[in-house]
Amino acid sequence: LAALKDESARARELDRAHVFHSWSAQRLIDPPTVARAHGSTVIDGEGREFLDFSSQLVNTNIGHQHPAVVQAIKDQADVLCTISPATVNAARSEAARLITERTPAGLDHVFFTNGGADANEHAIRMARLHTGRTKVLSRYRSYHGGTQTAVNVTGDPRRWENETGESGVVHFFGPFLYRSEFHATTEAEEAERALQHLRRTIELEGPATIAAIILESIPGTAGIMVPSPEYMQGVRALCDEHGIVLIADEVMAGFGRSGKWFAFEHFDIVPDLITFAKGVNSGYVPLGGVILSDAIFETFAERVYPGGLTYSGHPLACAAAVATINAMADEGMIEHAAHLGETIIGPRLRQIAENSKHVGEVRGIGAFWAIELVWDKESKEPLAPYGGGSPEVASVVAALKEHGVIPFNNYHRLHVVPPINISEEDLERGLGVFEKVLTDLDFPR
Ligand code: PLP
């Protein structure tokens with residue numbers, strides 16, 4: 001323990017001296033040290049253990065240090081650490097096979113990237129070249145990545161300071177009954193009116209100018225609003241009607257998070273392009289990608305695709321993906337995630353919502369759940385403003401951590417997004433902490 005503390009103290013000193021952190025005002029942050037991790041547990045620089053109910057940035061779907069994946073990375077490192085993308089490599093070929101084995105027929109090729117943002121960049125580039133159109137539609141309350149095009153299609157405040165004004169992106173409202181923009185009172189009404197709004201947006205923007213609609217199959221960081229099959233099928237139909245490419249962003253929702261390999265499977269639709277990252281190998285080595293429909297593949301069959309990356313299909317990352325996908329399949333993790341959502345997370349969170357003054361709604365599926373913290377259930381006023389934090393929400397997060405659980409927090413929301421292979425025992429223990437902390441909340445106005 002003394003060695004771990006020393007190592008962590010030194011790491012902290014060097015971090016503060018030399019590391020520039022994402023999305024942060026550098027002097028105003030106090031990042032926690034994580035020294036070790038295993039399964040659903042992370043260990044800080046003082047040796048304290050926490051249950052990771054955030055899966056980091058919702059990527060460690062199989063938890064930390066899965067032995068089969070660690071071994072696969074070591075084995076690949078012994079053989080070949082890196083190789084140009086303009087070569088054939090066994091790990092890359094097998095990863096592409098395992099991924100496309102899980103997609104609907106007609107989605108048979110993978111372009112590998114380093115992460116989710118560049119997957120979306122390339123998907124949009126492919127859609128633009130395939131259609132000869134430039135405009136892209138995406139929903140408010142979404143996140144698609146931090147690079148230029150990806151952040152411009154993003155529908156959250158992280159876009160604001162990054163907008164160029166030349167992106168060709170138009171945002172629309174997706175279905176979100178709890179905070180309905182359409183005065184809807186039922187999911188069916190919300191879906192129908194959100195579709196009508198999208199239909200009008202397409203008409204008024206000019207259908208022949210629109211290359212793609214990009215949607216998270218289930219919006220993740222923006223609040224885990226599970227859409228209805230009717231809505232998603234309606235979006236698919238609008239894309240078909242107007243020759244618009246449908247891009248399903250599965251970066252967070254994919255690879256088991258929702259209780260299916262891909263979240264779009266819940267809605268009985270087939271996208272034209274699928275982007276993925278995170279869960280594909282739990283982030284053990286950076287990897288993302290775009291899965292192409294045969295029609296879009298054909299566009300680049302005899303014409304050069306003008307894009308690429310030095311590390312496209314990196315052997316260490318692909319070996320990790322192969323081992324991760326095999327572990328998910330062998331250990332029944334996808335079914336486990338669906339089971340946890342139905343029998344444990346959903347029922348426990350609904351009970352917490354009933355008993356807590358400040359929980360306005362809980363919603364989700366699989367191992368992918370959101371808790372809306374509000375001032376009161378009638379006004380639904382968020383306990384922190386859109387795009388910001390508040391002392392109240394900070395105190396809830398601190399209380400959860402004090403009791404040994406790390407939540408995912410976005411503005412006024414807490415997300416319950418543990419590794420999809422978390423044991424029922426660890427899950428119950430962590431949810432017990434949520435119950436304890438949330439049930440007693442009583443903030444004065
Ligand atoms: N798309 C979605 C839905 C995401 O949640 C994220 C990351 O949180 C991204 C894209 C961007 O992925 P990356 O951070 O790997 O670039």
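Residues are numbered from 1 along each chain as its sequence is written. Because the model is predicted, local features need pLDDT of at least 70 and side-chain atom pairs count only at pLDDT 80 or more, while totals for chains, interfaces and linings use all residues.

The chain is divided into domain 1 (32-65 + 332-439) and domain 2 (68-330), with bounds that come from an automatic or database domain assignment. Their C-alpha centres lie 25 Å apart. Across the boundary, 28 residues of domain 1 are in contact with 28 residues of domain 2, contact meaning that C-beta atoms, placed from the backbone, lie within 7 Å. On the side of domain 1 that touches domain 2, α11 (333-355) gives the most, with five residues; helices (H or I, at least four residues) and strands (E, at least two) are DSSP runs, numbered from the N terminus. This side divides into 12 nonpolar, 11 polar and five charged residues. Here Ala, Val, Leu, Ile, Met, Phe, Trp, Tyr, Cys and Pro count as nonpolar, Asp, Glu, Lys and Arg as charged, and the others, Gly among them, as polar.

Strands β11, β12, β15 and β14 form, in that order, an open sheet of four strands with antiparallel pairing, where two strands pair if DSSP finds at least two bridges between them. β11 and β14 (408-410) stand at the edges with a single partner strand each, so one side of each has no neighbour in the sheet. Six bridges join β11 to β12, and one of the pairs is Val362 with Ile371. In the hairpin of these two strands, Gly366 takes a positive phi near 60°. β12 is joined to β15 by four bridges; there Glu372 partners Arg413, and Trp369 partners Val416.

Is β12 buried or exposed? Six of its six residues are buried, so β12 is largely enclosed by the rest of the structure; a residue is buried if 20 or more other C-beta atoms, placed from the backbone, lie within 10 Å of its own. Phe368, Ala370 and Glu372 lie on one side of β12, and Trp369, Ile371 and Leu373 on the other.

Conventions
Contact = placed C-beta atoms within 7 Å. Buried ≥ 20, exposed ≤ 12 C-beta atoms within 10 Å, placed from the backbone.
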